[in-house]
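Subject: A model for you to look at

Hi there,

Here is the structure I promised to pass on. Please open it first, and then read my notes below.

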Amino acid sequence: MIKKLKPIHARAVIETRRPKGLFYVYENDVYVGIDNSAGHAWVEEFASLRQCKEWLRNPWVTVSSMEPEGNRMSRITQPEELLVAAMRQGIRMDIREADIVLGYQEGHDYCLMANDEGWTVRHDEQDGTDYSEDMPYSIKDAVMFCQEMNGELLRENESQSVPDIGYLGRLRKDEQIFDASIAKIVVKSNQYMEAA
């Protein structure tokens, strides 16, 4: 069910990502849809309530039909492309962090995709060209996933009777990079949400 919110409540949903659900608000002569069904608080502006509700019911089909041709999702293959998407989400990363995030995604059979506005999704490579199951996936989500996978790899390697010291060292270095990235991202994403 799609619920109408007052502007103050809409800002609270965007900032806290709670409660989960589909919402809209009418403010400054535009309808703003808030898709917080998965706790990501995706936001999009519309000229009409009908367009807003269509997007909330199915953001990927409806939005792509409303977007200009050049605004389709495309695979992020280079660290520089990830940096651009991150900047559009209000997150600063360096090239090394972006390269590591892409490597962890690829190593676990995923890829990140983005449009020209910086919206990102994670695509399961096992799905081939079927993008119907792709869901919004922020850069913050991507880094948190990589941090989690790094932790699993560390635990797995440390539990071996003869750990690979070189590999363990690289994983620990990645762990430090992810910890620093998450600290920066939390600050930046909070600032981004306040501005939204």
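A residue is called buried here when its relative accessible area is under 20%, exposed when over 50%, and partly exposed in between (1.4 Å probe, protein chains only). By that rule, buried residues account for 41% of the 196 residues in the protein chain.

Two notes on how to read the rest. This is a predicted model, in which local features need pLDDT of at least 70 and side-chain atom pairs count only at pLDDT 80 or more, while totals for chains, interfaces and linings use all residues. Residues are numbered from 1 along each chain as its sequence is written, and side-chain values use heavy atoms, with hydrogens and water left out.

On confidence: pLDDT is the predictor's confidence in each residue, from 0 to 100. Its mean over the protein chain is 84, with 88% of the residues at 70 or more. Over residues 61-71 the pLDDT is below 50, and this stretch has 15 contacts in the model beyond near neighbours in sequence (contact means heavy atoms within 4.5 Å). Residues 189-196 also stay under 50, with 10 contacts beyond four places in sequence. Where pLDDT is low, the predicted coordinates should not be read in detail.

Now the fold. The protein chain has 7 helices and 8 strands, taken as DSSP runs numbered from the N terminus (helices H or I, at least four residues; strands E, at least two). An open sheet of 4 strands has the order E1-E2-E3-E4 with mixed pairing; two strands pair if DSSP finds at least two bridges between them. Its edge strands are E1 (2-4) and E4 (42-46), each pairing on one side only. E1 runs parallel to E2 (residues 21-27), with 3 bridges, and Lys4 has Tyr24 of E2 as its bridge partner.

Two helices meet this sheet. Helix H1 (residues 7-16) lies across E2, E3 (30-36) and E4, at about 135° to E2. Helix H2 (residues 49-57) touches E1, E2, E3 and E4, and its direction makes about 10° with that of E3. For these angles, axes are lines fitted to C-alpha atoms, for helices over the stretch in contact, and angles run from 0 to 180 degrees between N-to-C directions.

Finally, is Ser159 buried or exposed? Ser159 sits in the loop between helix H6 (139-158) and helix H7 (165-195), and it is exposed, because its relative accessible area is 58%. A polar atom of the Ser159 side chain lies 2.8 Å from the backbone oxygen of Glu156.

Best wishes

Notes. A polar contact is a pair of N or O atoms within 3.5 Å; within protein, one must be able to donate a hydrogen and the other to accept it, and residues adjacent in sequence count only if both atoms are side-chain atoms.
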